[in-house]
Amino acid sequence: MRKFSVCIVGGGSTFTLGFLKSFVRMREQFPLKKLVLFDIDKERQDIIGKFGEILFNEKFPELEFVYTTDVKEAYEGMDFVFMQMRAGGLPMRAKDEHIPLSMGMVGQETCGAGGMAYGLRSVVDMIKAVHDIREFAPAAWILNYSNPAAIVAEALRREFPNDKRILNICDQPENVVRSCSRLLGVDWETLDPVYFGLNHYGWFTHIYDINTGEDLLPKIKDLISQNGFLPQDAEQRDPSWLDTYGMVETLMKDYPEFLPNTYNQYYLYPEYKASHLNPDFTRADEVMAGREKRVFTECKEVIAAGTLGDKFDDISDAHAEMMINVAEAIAYNKNNRHILIVENNGAINNMQDDAMVEVVCELGTNGPRPMRVGNIPQFNLGLLVNQVSCEKLIADAYFEKSYQKALEAFTLNRMINDGKKARKILDALIEANKGMWPDLK
Ligand code: NAD
Ligand code: G6P
Ligand code: MN
């Protein structure tokens, strides 16, 4: 069985710990030759890296493991590059959320003004990073899930039009499928979804039982209206995620045709969400007080003890597992199904060809093969055309350094939806993002 070399960009991310453990748990199905962590923040990454040394020494001693801030050392010889950077870090995420909320608009990592602000930062750093990768690893598969994935995907499509080995992915559709499996009491891998949308803005039209072909969506709808909706790993989730999944019940009452991605709550109830989120303690604050603290405390404890002790178990990490499964599909030409972000080209028949859409694809060594969903209803189409326009205008703003394009994106956005508000929040975000955004003229 061929072994592969993987680099993780954003080695100091709060998600890296889960990846390190998952690479150990999944070493039979996706055997690694070499694993490299790359980050621009040495201090942050060193803590995760030192934990990794102890973990692999005890559990995977034949693995070559390196952590570095040098691009050549990071990328040379890589087969896969997993990208999970956060341009500006969690403190800038907090600003993306706090500033719009303080003005009465949704502040969120990937949606609304906050998402567009993060988009402009992320595109700057992601384009630079992909050029660096291509210098040293021209044939590596780049698996990107750095957010906001929709805007990043659109910008990478334009900057690297002939590069067929860049794949953009999000785990949320699969997370929703996993939640359905919890409701139904079945293994999530027996569920065969049909899904369409943009990243963080899509719907399941069917969820088939893979063995019988029965569409389980009617049953899932009944179960949601009786029991509500929980993430598969609800016991490990923070309160805000439980609220988010809870909103699926409301969404299904108001728009019963399809099962929504959880991020629909921001697009369909922007005023309700803006008035119910706390502008002084948002998801970024919850992450910094929770996941970030937990991850770095665990690493430091292991480093101090010099041994893993009880800090390794069999509890799976859905996010890392999904990304590794995606790499595995490409590595071993599995041609199995994944929900991926790809150029539309008719997958959603009544949407423009050059939209980056999220649909079910078969995935193998030659990349994704999207499965067509046909024409979508006018309601969903209207919502998506509005949002894809925002995403494209933000990419225009980046490439043309255009204030006007950014203003148009902000004006169109459902979480702003007003020219005067758009200008006010855009100006505030320009100020907050000095040195991290292109200079908009
Ligand atoms: P984090 O801030 O803890 O980690 C990000 C790391 O990236 C930091 O260590 C930072 O120093 C590093 N970084 C920043 N700019 C960089 C650059 N130019 N090159 C290399 N490294 C850089 O953030 P997090 O909460 O762990 O999230 C990491 C990223 O993964 C975010 O973009 C998040 O949105 C994304 N994510 C996406 C999905 C998805 O399904 N699409 C799921 C989970 C996480
Ligand atoms: C989901 C989304 C991601 C998001 C992640 C973590 O998986 O699909 O895009 O980055 O959640 O969000 P959090 O708020 O926990 O950092
Ligand atoms: Mn996502």
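Asn325 counts as buried at 18% relative accessibility (buried means under 20% relative accessible area, exposed over 50%, partly exposed in between, with a 1.4 Å probe and protein chains only). The model is predicted, with local features needing pLDDT of at least 70 and side-chain atom pairs pLDDT 80 or more, whereas totals for chains, interfaces and linings use all residues. Residues are numbered from 1 along each chain, and side-chain values use heavy atoms, without hydrogens and water.

Asn325 sits in helix α14 (residues 318–331). Helices (H or I, at least four residues) and strands (E, at least two) are DSSP runs, numbered from the N terminus. Beyond neighbours within four places in sequence, Asn325 contacts Met26, Gln29 and His338 (contact means heavy atoms within 4.5 Å).

The manganese ion (ligand 3) is coordinated by Cys170 (SG) and His200 (NE2), at 2.2 to 2.3 Å. Donors are N, O and S atoms within 2.8 Å of the metal (3.2 Å for Na, K and Ca); water is not among the atoms, so sites may look incomplete. Cys170 lies in the loop between β6 (166–169) and α7 (172–184), and His200 in the loop between β7 (191–198) and β8 (201–209). The two are 30 residues apart. Cys170 is buried at 8% relative accessibility, and His200 is buried at 3%.

Helices α16 (residues 403–412) and α17 (residues 419–432) pack at about 125°, with axes 8 Å apart. Axes are lines fitted to C-alpha atoms, for helices over the stretch in contact, and angles run from 0 to 180 degrees between N-to-C directions. The contact involves residues including Tyr403 and Phe410 of α16, and Ile425 and Leu429 of α17.

Note on methods. Chains lettered and ligands numbered in written order.
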